[in-house]
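Let us take a friendly walk through a protein chain, from its overall fold down to single pairs of side chains. Keep the picture at hand and look for each part as it comes up.

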Amino acid sequence: MTETLQTTIWDLPDEVLHLIFSNLDPSDIISPVKDVCTRWRSIVEKDLLFWNHLQVVIHCDWFLDWGFIRQPSDGPIPLVPQSHFSHEYRQTTGEIYIGEKDLTKVSKVRCIKLEGGSNKCGGHPSQIVLWILEKVKKVCKDIIKVEFCNCLAAFSRDFINLLNDSFNITELKFGVTAVYRIPYEELLHFRNLTSLITSDFGFKKTELSLIADSCDKLESLWVLLSKAIKNDDIIYFVEKKKETLKELGIGLIVTDILLAKVNECHKLNVLFIGDSRCITEKGLSHLTNLPNLKYISFHRAKISLDHIKDWASTSTVPHQLSLLDLSFYGSLKLHQNQITKICPVTFKNHVMKNVSDCYKKPAKPRMHWMYRYVDIEPLGT
């Protein structure tokens with residue numbers, strides 16, 4: 001009799017297994033996939049793309065109580081919505097919540113997000129988060145991106161300094177705060193910092209100037225909320241960084257003068273303006289000499305349709321764009337075909353939700369993190 005040969009999953013090459021794993025949730029990849037055997041563990045640990053896009057969330061108030069991808073033993077946390085634990089949420093954002101005993105399972109992670117820090121543990125908040133960071137740095141040695149979300153660690157000078165001493169940080173993201181002050185002056189010691197994202201109401205002119213003068217490698221700045229930053233302050237920053245700046249996101253009111261200065265940033269590939277009501281056709285005409293620009297956002301723009309069409313037809317910039325974001329300009333959608341003949345356009349980029357939910361993990365090829373969930377109009381025929 002002829003013996004029938006059977007192929008099992010153990011016969012598949014590493015490349016095929018890697019493709020299969022890439023369709024799983026992060027929690028499934030790390031546990032149980034990573035625990036199956038030495039070979040599978042090796043495949044997961046060598047997947048740099050996976051570890052670059054994964055974000056580990058540490059809730060400082062519940063760090064000791066949590067098992068892997070679980071809620072605390074004594075019930076759900078009011079600060080963390082139940083939807084955060086749904087299959088759909090984890091698959092979309094690439095976030096997983098961990099406790100202390102699970103650190104070894106994510107030892108290769110490069111992005112962490114810190115939440116809480118004052119709710120349950122008691123004691124001085126800065127001491128709690130300092131202790132947690134000491135635990136994390138012993139296991140996770142490759143961290144380069146850190147986000148603070150309603151976390152008192154962001155206001156601790158000792159914590160910021162320990163973060164700099166422990167890791168080679170290239171990106172920092174600060175959430176909204178109106179009570180405590182973030183010690184931005186300590187960022188001067190982050191010599192490899194390339195990206196700063198802040199939604200801090202208390203971010204001031206002196207702090208922005210200090211960062212412009214001292215953070216030599218900074219390539220990406222996103223100032224999404226601030227009561228103290230004005231156009232002149234952003235202009236000063238752009239002047240200092242025009243040779244290296246690649247991403248500029250401003251959630252404040254912007255004028256034509258700033259766009260004239262932005263036109264000198266020849267390496268710029270992302271420009272986000274959260275409030276474009278003061279930009280006129282003159283400011284739009286300044287954007288002519290930006291050979292690397294791929295994404296432009298003009299939220300709440302008041303520029304007339306005719307002026308946008310004139311700019312799109314006379315300037316080379318619109319023709320090189322991967323996306324033109326004209327969110328909250330409803331009247332323009334009536335004439336979308338006239339614009340989409342030149343470049344893809346979106347009218348539905350809810351930027352603040354994207355900022356809070358995303359951490360630069362692109363879900364579409366060549367798409368910037370700001371535009372993961374937008375509805376893009378196809379090119380017109």
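Among contacts between residues at least 6 apart in sequence, 68% join residues at least 24 apart; a contact means heavy atoms within 4.5 Å. This is a predicted model, in which local features need pLDDT of at least 70 and side-chain atom pairs count only at pLDDT 80 or more, while totals for chains, interfaces and linings use all residues. Residues are numbered from 1 along each chain as its sequence is written, and side-chain values use heavy atoms, with hydrogens and water left out.

## The whole chain

The chain has 15 helices and 13 strands. These elements are DSSP runs numbered from the N terminus, with helices (H or I) of at least four residues and strands (E) of at least two. Of the 381 residues in the chain, 52% are buried. Here buried means under 20% relative accessible area, exposed means over 50%, and partly exposed lies in between, using a 1.4 Å probe and protein chains only. The accessible surface comes to about 17,600 Å², and 54% of that belongs to carbon and sulfur atoms. Such areas come from the Shrake-Rupley method with a 1.4 Å probe, and for residues only the protein chains shown count as cover.

## How confident is the model?

The predictor's confidence in each residue is called pLDDT and runs from 0 to 100. Its mean over the chain is 76, and 73% of the residues reach 70 or more.

## Strands side by side

Start with strand E1 (residues 55-59). 5 of its 5 residues are buried, so E1 is largely enclosed by the rest of the structure. In a regular strand, side chains alternate between the two faces of the sheet. In E1 both faces are covered: Gln55, Val57 and His59 on one side are buried, and so are Val56 and Ile58 on the other.

Two strands pair if DSSP finds at least two bridges between them. Which strands does E1 pair with in the parallel sense? One of them is E2 (residues 95-97), joined to E1 over 3 bridges, with Val57 opposite Tyr97. Another is E3 (residues 111-116), joined to E1 over 5 bridges, with Ile58 opposite Leu114.

E3 has 6 of its 6 residues buried, so E3 too is largely enclosed by the rest of the structure. E3 also runs parallel to strand E4 (residues 145-151), with 6 bridges joining them. Across these strands, Ile112 has Val146 in E4 as its bridge partner.

## Rings that meet

Rings of Phe, Tyr and Trp (its six-membered ring) pair if their centres lie within 6.5 Å; planes under 30 degrees apart count as stacked, over 60 as edge-to-face and the rest as tilted. By this rule the count comes to 7 aromatic pairs. One of them, Phe174 with Tyr184, is edge-to-face, at 5.6 Å centre to centre and 75° between the planes. Phe174 lies in strand E5 (residues 171-174) and Tyr184 in the loop between E5 and strand E6 (195-198), so the pair ties together parts that are 10 residues apart in sequence. Both Phe174 and Tyr184 are buried. Ring pairs link Phe148, Phe159, Phe174, Tyr184 and Phe203 into a cluster.

## Opposite charges

Side chains of opposite charge can pair when their charged atoms come close. A salt bridge is counted when a side-chain nitrogen of Lys or Arg lies within 4 Å of a carboxyl oxygen of Asp or Glu. A search of the whole structure finds 16 salt bridges, including these:

| Salt bridge | N to O distance |
|---|---|
| Asp213 and Lys240 | 3.5 Å |
| Lys242 and Glu239 | 3.3 Å |
| Lys242 and Glu264 | 3.2 Å |

Asp213 lies in helix H8 (residues 205-214) and Lys240 in H9, so their pair ties together parts that are 27 residues apart in sequence. Asp213 counts as partly exposed at 39% relative accessibility, and Lys240 counts as partly exposed at 44%.

Salt bridges that share partners join Glu239, Lys242, Lys261 and Glu264 into one network.
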